[in-house]
Amino acid sequence: MVSIDQQVLWTFFGSLFGFFLLYTLCSNTNKRKLKNKDFPKECAHGSFIDEECRPVDISDAEVIIVGAGVAGSALAYALGRDGRRVHVIERDLTEPDRMVGELLQPGGYLKLIELGLEDCVEEIDAQRVHGYALFKDGKNAILSYPLEKFHSNVAGRSFHNGRFIQRMREKAATLLNVRLQQGTVTSLIEEDGTVRGIQYKSKDGQEHKAYAPLTIVCDGCFSNLRRSLCNPKVEVPSCFIGLVLENCQLPFANHGHVILSNPSPILFYPISSTEVRCLVDVPGQKLPSIANGEMTNYLKTMVAPQVPPELLDDFICAVDKGNIRTMQNRSMPADPHPTPGALLMGDAFNMRHPLTGGGMTVALSDIVVLRDLLKPLDNLNDAASLSKYLESFYTLRKPVASTINTLAGALYKVFSASPDQARKEMRQACFDYLSLGGIFSTGPVALLSGLNARPLSLVLHFFAVATYGVGRLLLPFPSPKHMWIAARLISCASGIIFPIIKAEGVRQVFLPATIPAYYRAPPIKEDIKKEVTIDKDQVASVLYVVPSKREDLS
């Protein structure tokens, strides 16, 4: 009996020792793995807002992204999610405070879903947007997004731009192969016409160089790097005066409000549950002075009388508080210089008037296109071949980008007041056409919201508005004066839309399949389709698909 007890005792101690030895070995293995990951020390105690905080070897990055705004952050997450080693350098990683980039159209929200970033509009007090309310001369029209075929969660979103960007930065920083670093990029490093990397100053002022097979510049509308990568024809058609109305109830909840005022539109839209953004457009680049009180006088005497009565008291209160901000509205067509080793994205590459709130939708759509192009590539080191292959990006992005760009430019000109009688008739015809409802409102709104990326539909609706205006002039009985105005109205409509289409590229917009670079794009694979969490029929209604090139999603 004693021998049995001793045997049991030794068995117990032997098992305990074996367990302790196994635990020690496993613990040492995990420590070695963590050591190999080489986490920066500051990451253990701080957030990603510190100078750097991701465990990736900077010298081994596949992609350098300059800028971590909407485009840069979303792109970093998209490429990092695909396994790319990404190094992002942003001038300032603290929360931005901007008064644009606050409205995401439903088409842009669908792109967020494709990228796996839809949760970035959560927990920032973002407001759902279901359409627009259009006001003119005391009348109004409700223009709802055509969302009947989509999931109930699909809608526009409006929010504080900085909160949205921080959420995307945080999401990108969760990937171990993505590194966010605060620094100022001073120049691109070029060798024999190929971009090899960047030169930048880190947070502590030290000069550094970083190298990668592909550098993507997303440093915004004030980019100092784009000059060698595109032909930057920047125009400033107008400026915005920005205000925030607090605890204000909009006449139509969950809608953006557009007032067709004189000389140009006024916008109201929610940016939180208690705040409404007001943007007053002023044509040209000259604004009343804030310092000497001219701005306050202008807003109270020229703008306030045109504000809907329901918003007037809140508008005056916001003006009296004095927190008035201004910004220039920039427009720049995409005119790239394909450069081996580098690519432009976001506002550094392409801008349009912010009246329609389409900038983020275009940027996110571009990211989806670029992600799908890069996905099948294991090696990015052949800069010349990669550059030639990525020329297809400029064509594949056109349907969405050109539709939103063209509509933004055309609507701004149509919605702005003018002493020209033909322009007045065009403005009134546009309001009346949209007020008809049905396809007359859902068609244009689908284009504006990024749900319909067909440029031909845009042209047809635009000239349908012009034709409607001609009918108003000539019926029931035409007069010589009205016939002359009608002829000038058609001429005016042509003069608005055709120059914009020409800047976008007629062939790229309407006949993309005739561009040789188009056929360098790989087919969309089944696994890419499965990543999209919305119904495939919804995707088919959003994407511009050329049957000869793209697989039928149905």
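This note reviews the aromatic ring contacts of the model.

1. The model is predicted, with local features requiring pLDDT of at least 70 and side-chain atom pairs pLDDT 80 or more, while totals for chains, interfaces and linings use all residues. Side-chain values rest on heavy atoms, without hydrogens and water, and residues are numbered from 1 along each chain as its sequence is written.

2. Rings of Phe, Tyr and Trp (its six-membered ring) are taken as a pair if their centres lie within 6.5 Å; planes under 30 degrees apart are stacked, those over 60 edge-to-face, and the rest tilted. By this rule there are ten aromatic pairs.

3. One of the pairs joins Y132 and Y145 edge-to-face, at 6.1 Å centre to centre and 85 degrees between the planes. Y132 lies in strand β5 (residues 131-136) and Y145 in the loop between β6 (139-144) and β7 (156-158), so that the pair links distant parts of the chain, 13 residues apart. Strands (E, at least two residues) and helices (H or I, at least four) are DSSP runs numbered from the N terminus. Both Y132 and Y145 are buried (under 20% relative accessible area; exposed is over 50%, partly exposed in between; 1.4 Å probe, protein chains only).

4. Y433 and Y468 also pair edge-to-face, with 6.2 Å centre to centre and 70 degrees between the planes. This pair links helix α10 (residues 421-435), which holds Y433, to helix α12 (residues 455-474), which holds Y468; the two residues are 35 apart. Y433 counts as buried because its relative accessibility is 5%, whereas Y468, at 28%, counts as partly exposed.

5. A single aromatic cluster is formed by F349, F393 and Y394.
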